[in-house]
Amino acid sequence: MALSGSDAPVVVWFREDLRLGDHPALAAALARKAPLICLYVFDEESPGLRPLGGASRWWLHHSLKALSAQIEALGGRLDILRGPARKVVLDTMRALEAQAVFWTRRYEAAGIEIDKQIKADLTADETHAESFNGQLLYEPWTIKNKAGEFFRVFTPFWKTCLSTGAPEAPLSAPRKLTAADWPSKGPKRTALKDLRLLPTKPDWSGGIAASWTPGEAGARALLKTFLDEGLQFYAAERDRADKASTSRLSPHIRFGEISPRQIFAAARHAGDAGKASGKDVEKFLSEIGWREFAHHLLFHFPKLATDNFQSRFDNFPWRKPKPADMKAWQTGMTGYPIVDAGMRELWLTGTMHNRVRMIVASFLVKDLMVDWREGEEWFWDTLCDACPANNTASWQWVAGSGADAAPYFRVFNPILQGQKFDPQGTYVRKFVPELAKLPDAWIHHPWEAPDPVLKAAGVSLGKSYPVPMVDHSKARDRALAAFSSLKAAS
Ligand SMILES: Cc1cc2nc3c(=O)[nH]c(=O)nc-3n(C[C@H](O)[C@H](O)[C@H](O)COP(=O)(O)OP(=O)(O)OC[C@H]3O[C@@H](n4cnc5c(N)ncnc54)[C@H](O)[C@@H]3O)c2cc1C
């Protein structure tokens, strides 16, 4: 049983909400005016939770480091523990004789189940446990179609979201925190470095570290730069791989260093202040809407990471990839420059431009006919923003098996896509430097360049850069034939 009265500590349990601004759970904890425990539990043991990929582990380390410094600067302390969340949270609450715990809701089935169990355990202990929405604009159970079901198509979904009114205004960050003492008989705390989240042998994180500043301050700085410099070009240029017109906020959003409500309010405010047109603002917000859509889908269809949303794809004749083919895709050695640039950007920096994600994913599932789950797994390991909702929904979108998905017969042509979204080859030259000296006319299809052009550019096909691993037009026909067989069968 908890201590009564305002002297008993309150706990805010941080999870994927590693920020102090617009944090309803933290605000509720502070409203109790009691000594505070800021808790983080690194849980690799509870059943059903998907272990983080390598790039996400790197991000988490730095995000926790930043959060810990922020909390300390305000007089508080971040206590990190490791183990199965149900046991760790319960042991902590009991050792502290805490009066209440507050947290931000999550939307994956395994996480929801753990939270339900913890709530039940604490209720039995007569301890207050309360969860809040800090990760989405609208809760998944509040947005329904006329039949009372969840939406399977994005446009009416987003229209319905917006018609329910603007999300609540974001909360401000606290100015001061008062840390409760850690009980001498409390569970053992862990030093951040002992979570061993950083790669060592080898340390592959140099390019990622050079590209990002994890933490709330880094997120806010990126948002400001984007609103000042990128938003005004967003509608026209967001698909251009060679331009810096998107926000790059996704890993910050993924780890909750900035909330969607903060982004929503700031983007609308920038529009009102004349920094960008209404078209740019609404286009940008609709992408936040796609994130929302993916999370709602995950909530209503918990097997999004493993099962085809459209079950007719269960019979699709995926080809088992040869290890060498998978490696060529992963390492950016397919012979298609835009695909290779994207895969190398991913490996080097832990991210990839959205349009290029669509191109490389289409290449894997359609040109190579590899099951989308193999690609999703690679992205899960290598993306800093690897997200249980966005990654799985997007892979299923490209494969054609998802909700509101691209039709299977839409097979991206990597040459035309490169020419359209990287017209001067700037993006390809950056990540595939062995092609840098090729003229623009050949940069997206070097195998068709005349020999003297290749020679002058220092390109030796099959030696300095691979020949295409498949013929795109034949691969396209093969994929379409497979899809027709699926249609016939269903
Ligand atoms: C195969 C594939 C896998 C993907 N995996 C992920 C993933 O694991 N995590 C992830 O956050 N996004 C994923 N995306 C969506 C998208 O590519 C990224 O969100 C986007 O590239 C991030 O860049 P940005 O922050 O500059 O986006 P902006 O264009 O500035 O958009 C702002 C925010 O909106 C959200 N958003 C934008 N586009 C999408 C989209 N298509 N679907 C859902 N949300 C979107 C993101 O939170 C993003 O940060 C994937 C897309 C594809 C095609």
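What follows is one connected answer on the sheet and its surroundings.

Mentor: This is a predicted model, in which local features need pLDDT of at least 70 and side-chain atom pairs count only at pLDDT 80 or more, while totals for chains, interfaces and linings use all residues. Residues are numbered from 1 along each chain as its sequence is written.

The sheet is open and has five strands in the order E3-E2-E1-E4-E5, with parallel pairing; helices (H or I, at least four residues) and strands (E, at least two) are DSSP runs numbered from the N terminus, and two strands pair if DSSP finds at least two bridges between them. At the edges are E3 and strand E5 (128-132), each of which pairs on one side only. From one strand to the next, the twist averages 25°, where axes are lines fitted to C-alpha atoms, for helices over the stretch in contact, and angles run from 0 to 180 degrees between N-to-C directions.

Strand E2 (residues 36-42) and strand E3 (residues 78-82) run parallel and are joined by five bridges. Leu-39 has Asp-79 in E3 as its bridge partner, and the partner of Phe-42 in E3 is Arg-82. Between E2 and E3 the chain passes through helix H2 (residues 54-73), giving a β-α-β crossover that is right-handed, a term used if, with the strands pointing away from the viewer, the path from the first strand over the helix to the second runs clockwise.

H2 also packs on the sheet, touching strand E1 (10-14), E2 and E3, and its direction makes about 145° with that of E3; contact here requires that the C-beta atoms of two residues, placed from the backbone, lie within 7 Å. Helix H4 (residues 109-124) lies across strand E4 (100-104) and E5, running at about 150° to E5. In the loop between helix H3 (85-96) and E4 lies Glu-97, which has a positive phi of about 50° although it is not a glycine. Most residues other than glycine have a negative phi.
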